[in-house]
Amino acid sequence: MKTTSQCQCQCQSQCQSQKIKSLIFLLDEPDEHLYINIANAIVAYGRQTLPLLKEKLGQTTDSYLKERIECLIDVIERQSVINRLNLWHDKREYDLLEPYFILSKYRFPKSDWDWIGFQIIMIIEQVEKELNHNLTPLEQVRVLNHIIYDINRFKGDKSAVGNQDYYYVNKLLETHLGNPFSLGMLYCIVAERLNLPIYPVVLPHHFVLAYCKKTRHFPQLEDVLFYINPFDNGIVLTRKDIRNYLNQLNIKSELKYFEPTRNTTVIRTLKF
């Protein structure tokens, strides 16, 4: 038997759903100013409008109305992504996997995300089995490299560098081909879950990782022990290697190209 509170909630939900349906019914409004008010009212209801909008999209044959509905769906989904990223930034900035999944799911909603999550867990567990507290930082990196590149056969592919799709985790896990960003994100996420002090470093047209001393604060340049190139099977780099890379591009060496990059800055490099 339903309580009074449950009945009230159900009643409110049905009433809200009816209001959304009424607004969607008016989406063919020819007056642009009135349409903007209708569209803004729908957007204000957020994600709960999506099933009804998609249902309407499947029913209509009017190309102009389809365009309006598709635009609204995109606006609402993008706003939902922004809200989830803001929540991550405020509460769980330390977790790089969460925003990477959020953005990848937005770009590729039809991918099998249960399978993708399982693959990442498997890689983490494979590395964990090979690690122990007696390993030096370089030995730990050799373990990571062995699992990621030898066992799971991930590799850098030059054709993936200019392809925006290959920046996302699903493409990397489906093809095992990646660019510096996607391979670096996977490497960093695995390390992060295993409490290894490996951090991203964003370079012009490149993405490397910094193995740092464990500190209570976010690591600075003086905490970096060495760098890792995830695009080239995890080979170890020095500060001189990064300086040479910048010189080849005629780019002035700046502190930001040598220090670890915060997760929020890394996520901003992904376009959506």
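**View 1. The largest nonpolar core.** The largest nonpolar core has 50 residues, and Tyr187 and Ile198 make the most contacts inside it. Helix H9 (residues 180-193) contributes the most to this core, with nine residues. A nonpolar core here is a set of buried Ala, Val, Leu, Ile, Met, Phe, Trp, Tyr and Cys residues joined through side-chain atoms within 4.5 Å. Buried means under 20% relative accessible area, exposed over 50%, and partly exposed in between (1.4 Å probe, protein chains only). Helices (H or I, at least four residues) and strands (E, at least two) are DSSP runs, numbered from the N terminus. The model is predicted: local features need pLDDT of at least 70, side-chain atom pairs count only at pLDDT 80 or more, and totals for chains, interfaces and linings use all residues. Residues are numbered from 1 along each chain as its sequence is written, and side-chain values use heavy atoms, with hydrogens and water left out.

**View 2. Surroundings of Ile198.** Contact means heavy atoms within 4.5 Å. Leaving aside neighbours within four places in sequence, Ile198 contacts Leu144, Tyr187, Cys188, Ala191, Leu209, Ala210, Tyr211 and Ile228.

**View 3. The Tyr149 and Tyr187 rings.** The whole structure holds eight aromatic pairs. Rings of Phe, Tyr and Trp (its six-membered ring) pair if their centres lie within 6.5 Å; planes under 30 degrees apart count as stacked, over 60 as edge-to-face and the rest as tilted. For Tyr149 and Tyr187, the ring centres are 6.4 Å apart and the planes stand at 40°, so this pair is tilted. Tyr149 lies in helix H7 (residues 137-151) and Tyr187 in helix H9, so the pair ties together parts that are 38 residues apart in sequence. Both Tyr149 and Tyr187 are buried.

View 4. Tyr167 and Phe181 form a tilted aromatic pair, 5.5 Å centre to centre with 35° between the planes. Tyr167 sits in the loop between strand E1 (155-156) and helix H8 (169-175), and Phe181 in helix H9, so the pair ties together parts 14 residues apart in sequence. Tyr167 counts as partly exposed, at 22% relative accessibility. Phe181 is buried, with a relative accessible area of 6%. Ring pairs link Tyr100, Tyr167, Phe181 and Phe207 into a cluster.

**View 5. Charges over rings.** A charge sits over a ring if NZ of Lys or CZ of Arg is within 6 Å of the ring centre and within 35 degrees of the ring normal. Lys171 lies over the face of Tyr166, 5.9 Å from the ring centre. The charged end of Arg262 sits over the ring of Phe218, at 4.2 Å from its centre.

**View 6. Asp95 and its partners.** Asp95 lies in the loop between helix H4 (63-91) and helix H5 (97-107). At 12% relative accessibility, Asp95 counts as buried. Its side chain makes a polar contact with the side chain of Arg193 (3.0 Å). A polar contact is a pair of N or O atoms within 3.5 Å; within protein, one must be able to donate a hydrogen and the other to accept it, and residues adjacent in sequence count only if both atoms are side-chain atoms. Not counting residues up to four places away in sequence, Asp95 touches Trp88, Glu192, Arg193 and Asn263.
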